[in-house]
Amino acid sequence: MNPLHSFTHPPRVVTVALNPALDQTIEVAGLQPGAVNRALRMRIDAGGKAINVASCLSDSGVHAAVAGQLGRSNAVLFEELFQRKKIANHCCYLDGLTRVNTKLADTVTGETTDLNMPGPEFTPGAAADLLNQVLERLERLAEHVDWIVLSGSLPPGIPVNAYATIITRMQAAGIPVLLDTSGAPLKAALATGPRMIKPNRHELAELLNRPLDSLASLVAAGREVLHSSPAPEWAVVSLGSDGALFLTREQTLHAHPLPVAVTSTVGAGDAMVAGLIAARLEDRSLIETAQLATAFSAAKLTRRGPHLPPLAEVRALAGHVTVSVID
Ligand SMILES: Nc1ncnc2c1ncn2[C@@H]1O[C@H](COP(=O)(O)OP(=O)(O)OP(=O)(O)O)[C@@H](O)[C@H]1O
Ligand SMILES: [Mg+2]
């Protein structure tokens with residue numbers, strides 16, 4: 001067990017980071033592929049969706065833990081974030097580096113070129129070992145935990161049913177799971193009935209294998225997922241600058257985005273996931289959940305990195321979120 005695993009309060013939420021990443025941003029004035037480029041600035045942020053969610057939860061006063069995996073060689077950058085935000089670290093340490101995703105930001109054209117790594121390659125044995133260790137740690141934390149968040153992609157070699165396995169085991173132990181992933185892992189995990197899902201419109205269209213290019217088609221798609229069996233209780237479909245749909249079997253709401261000055265849209269969905277969890281922990285109604293989750297995203301949009309202002313400020317924003325009821 002590593003030294004950062006315990007703080008005074010037990011975590012109420014555990015996020016599972018099976019494929020964390022360091023986000024490296026390099027600024028270049030006039031990027032020239034194939035040439036030697038002199039870069040202006042570089043910053044590295046600990047990231048990956050599950051880490052972003054834990055970071056936003058922690059900023060909003062919710063005690064969070066991260067379980068999953070980190071590469072030993074550059075783990076210190078994650079450990080610093082965990083220490084600063086009092087996030088309990090229950091990650092397994094693997095040999096080598098956590099993947100680094102590089103953004104080349106051209107200050108002349110305003111364009112960003114992304115170079116995203118797939119993550120470490122797991123042999124079947126190493127994959128089974130990691131999954132067992134993560135399950136063991138989740139079960140050890142289960143006593144105090146109210147929600148588990150499964151966010152992000154799976155690295156190569158981790159079976160597509162890894163999230164499905166975690167959902168089955170943890171929900172049988174009485175802990176609800178929020179799932180935010182895409183592609184084959186989303187499809188496999190949906191069949192186990194996660195309590196809540198938050199696809200964006202592209203992830204939902206891919207899941208249902210049809211284009212969703214109108215609000216009506218998105219509403220129908222969300223309702224279809226909620227009437228599958230087993231079905232989530234809540235489905236939230238985020239629509240970028242068009243806001244988000246919040247659905248239960250009884251109600252469908254469209255929360256409109258707040259008109260904030262956007263600094264970075266990266267991780268807006270992760271902030272929304274944190275807001276959904278914060279609302280569930282307070283047992284909020286669907287409309288209050290829609291307002292709070294939208295406020296979390298809006299607050300994040302004004303900042304670079306997965307950081308939020310104090311909760312009082314986010315709650316004030318929530319009061320300005322307008323919500324339409326969809327029949
Ligand atoms: N450009 C924008 N202007 C206003 N609000 C936005 C904008 N982009 C995102 N949002 C808010 O953030 C929420 C989540 O964004 P989005 O749908 O882009 O999530 P996502 O695709 O899951 O993002 P990611 O996975 O990168 O975190 C939206 O529902 C909306 O409320
Ligand atoms: Mg997302």
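Visitor: Which backbone atom does the side chain of N101 reach?
Guide: The model is a predicted one. In it, the side chain of N101 comes to 2.8 Å from the backbone nitrogen of M117.

Visitor: Where is N101, and is N101 buried or exposed?
Guide: N101 sits in strand β6, residues 100–106. Its relative accessible area is 9%. Buried means under 20%, so N101 counts as buried.

Visitor: Which residues is N101 in contact with, leaving aside its neighbours within four places in sequence?
Guide: A21, L22, D23, Q24, L115, N116 and M117. As for P20, its C-alpha is 10.0 Å from that of N101, and 81 residues separate the two in sequence.

Visitor: How many aromatic pairs does a search of the whole structure find?
Guide: The search finds 1. The partners are W147 and W234, with ring centres 6.4 Å apart. The limit for a pair is 6.5 Å, so these two rings qualify.

Visitor: Why is the pair of W147 and W234 called tilted?
Guide: Their planes stand at 55°. Under 30 degrees would be stacked, and over 60 would be edge-to-face.

Visitor: Which parts of the chain does the pair link?
Guide: Distant ones. W147 belongs to strand β8, residues 147–151, and W234 to strand β11, residues 234–238. They are 87 residues apart.

Visitor: Are W147 and W234 buried or exposed?
Guide: W147 has 6% relative accessibility, and W234 has 15%. The cut-off for buried is under 20%, so W147 is buried, and so is W234.

Visitor: Let us turn to the ligand. How many residues surround ligand 1?
Guide: 17 residues do, and the closest are K49, S238, G240, G243 and G269. The shell divides into 6 nonpolar, 8 polar and 3 charged residues.

Visitor: How much of ligand 1 does the protein bury?
Guide: The protein buries 82% of the 630 Å² that ligand 1 exposes when taken alone.

Visitor: Which helix gives the most to the shell around ligand 1?
Guide: Helix α8, with 4 residues. Both α8 (268–281) and α9 (286–301) supply at least two residues each.

Visitor: What makes D270 buried?
Guide: D270 is in helix α8. Its relative accessible area is 1%. That is under 20%, so D270 is buried. Its side chain joins that of N52 in a polar contact of 2.9 Å. Not counting residues up to four places away in sequence, D270 touches K49, N52, V53 and D180.

Visitor: Why is K86 called exposed?
Guide: K86 has 53% relative accessibility. Exposed means over 50%, so K86 is exposed. K86 lies in the loop between α2 (76–85) and β5 (88–94). Its phi is positive, about 55°, although K86 is not a glycine.

Visitor: Is D283 buried or exposed?
Guide: Its relative accessible area is 60%. The cut-off is over 50%, so D283 is exposed. D283 is in the loop between α8 and α9. D283 also has a positive phi of about 55° and is not a glycine.

Visitor: One last item. Which peptide bond is cis, with omega near -5°?
Guide: The bond from S229 to P230. P230 is in the loop between α7 (215–226) and β11.

Conventions: Residues numbered from 1 in each chain as written. Chains lettered and ligands numbered in written order. Predicted model: local features only at pLDDT ≥ 70, side-chain atom pairs only at ≥ 80, totals over all residues. Heavy atoms only, no water. Phe/Tyr/Trp six-rings, centres within 6.5 Å; stacked < 30°, edge-to-face > 60°. Buried < 20%, exposed > 50% of the residue type's maximum accessible area, 1.4 Å probe, protein only. Contact = heavy atoms within 4.5 Å. Polar contact = N/O pair within 3.5 Å; in protein donor to acceptor, adjacent residues only side chain to side chain. Near = heavy atom within 4 Å. Areas by Shrake-Rupley, 256 points an atom, 1.4 Å probe, with all protein chains shown as cover. Nonpolar A, V, L, I, M, F, W, Y, C, P; charged D, E, K, R; others polar.
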